[in-house]
Amino acid sequence: GILADISVALADMKVYILQINTLKDSNDNDIVNLKVSCKNIEHYNSIVSRLRSLDGVDSVARGFS
């Protein structure tokens, strides 16, 4: 499913996944929280762009932990 698509996309970009958490919201939507490594803002923007292009990804938001 979508988690495999995300993993492949990030692996293709040589982006390390540091942490993954998944949950369902009250509307039964899957939410995937990822912590990934990125080098700079340009790298971050390319990661976000790639993730947004995937079928099944409705939104991408930046957060801090």
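This is a predicted model: local features need pLDDT of at least 70, side-chain atom pairs count only at pLDDT 80 or more; totals for chains, interfaces and linings use all residues.

Student: Let us begin with single residues. Why is His-43 called buried?

Tutor: The relative accessible area of His-43 is 15%. Buried means under 20%, and therefore His-43 counts as buried. This residue is found in helix H2.

Student: Which residues does His-43 touch, not counting residues up to four places away in sequence?

Tutor: His-43 touches Met-13, Val-15, Ser-37 and Cys-38. The word contact is used here because heavy atoms lie within 4.5 Å.

Student: Why is Lys-39 called exposed?

Tutor: Lys-39 has a relative accessible area of 74%. Exposed means over 50%, so the term applies to Lys-39. Lys-39 lies in the loop between E2 and H2. Its C-alpha atom is separated by 19 Å from that of Ile-20, and the two residues are 19 residues apart along the chain.

Student: What makes Val-32 partly exposed?

Tutor: The relative accessibility of Val-32 is 26%.

Student: Where is Val-32 relative to Thr-22, and with which residues is Val-32 in contact?

Tutor: Val-32 and Thr-22 are 10 residues apart along the chain, and their C-alpha atoms are separated by 4.5 Å. Leaving aside neighbours within four places in sequence, Val-32 is in contact with Leu-3, Ile-20, Asn-21 and Thr-22.

Student: What is stated about the phi of Lys-14?

Tutor: Lys-14 has a positive phi of about 60°, although it is not a glycine. Lys-14 is found in the loop between H1 and E1. With 68% relative accessibility and a limit of over 50%, Lys-14 therefore counts as exposed.

Student: What is the phi of Asp-28, and why is Asp-28 called exposed?

Tutor: The phi of Asp-28 is near 65°, a positive value in a residue other than glycine. Asp-28 is found in the loop between E1 and E2. Its relative accessibility is 54%, and exposed means over 50%, so Asp-28 counts as exposed.

Student: Why does Ser-53 count as exposed?

Tutor: Ser-53 has 52% relative accessibility. The limit is over 50%, so Ser-53 is exposed by this definition. Ser-53 is found in the segment after H2. From Ser-53 to Gly-1 there are 52 residues in sequence and 15 Å in space, C-alpha to C-alpha.

Student: Let us turn to the helices. How is the arrangement of H1 and H2 described?

Tutor: Two packed helices are described by the angle between their axes and the distance between the axes. The axes of H1 and H2 come within 10 Å and cross at roughly 145°. H1 passes H2 in a right-handed crossing. On the H1 side, the contact is made by Ile-6, Ala-9, Leu-10 and Asp-12, and on the H2 side by Ile-47, Arg-50 and Leu-51.

Student: What makes two residues of this contact charged?

Tutor: Asp and Arg count as charged, so Asp-12 and Arg-50 are the two charged residues. The division is five nonpolar, no polar and two charged.

Student: Finally, how much space lies in the largest pocket, and which residues are closest to its centre?

Tutor: The largest pocket holds about 1,100 Å³ of space. It is lined by 30 residues, and those closest to its centre are Val-32, Asn-33, Leu-34, Val-60 and Ala-61. E2 gives the most to the lining, with seven residues. The lining residues divide into 17 nonpolar, nine polar and four charged.

Terms used:
Residues are numbered from 1 along each chain as its sequence is written. Side-chain values use heavy atoms; hydrogens and water are left out. On a 1 Å grid over the protein atoms alone, a cavity is a set of points where a 1.4 Å probe fits but cannot get out, and a pocket is an open set with protein on both sides within 12 Å along at least five of seven lines; lining residues have an atom within 4 Å of a point. Grid points are joined across faces, edges and corners, and a volume is the space filled by probe spheres set on the points. Helices (H or I, at least four residues) and strands (E, at least two) are DSSP runs, numbered from the N terminus. Axes are lines fitted to C-alpha atoms, for helices over the stretch in contact, and angles run from 0 to 180 degrees between N-to-C directions. A crossing is left-handed if the near helix is turned anticlockwise from the far one by less than a right angle, and right-handed if clockwise. Buried means under 20% relative accessible area, exposed over 50%, partly exposed in between (1.4 Å probe, protein chains only).
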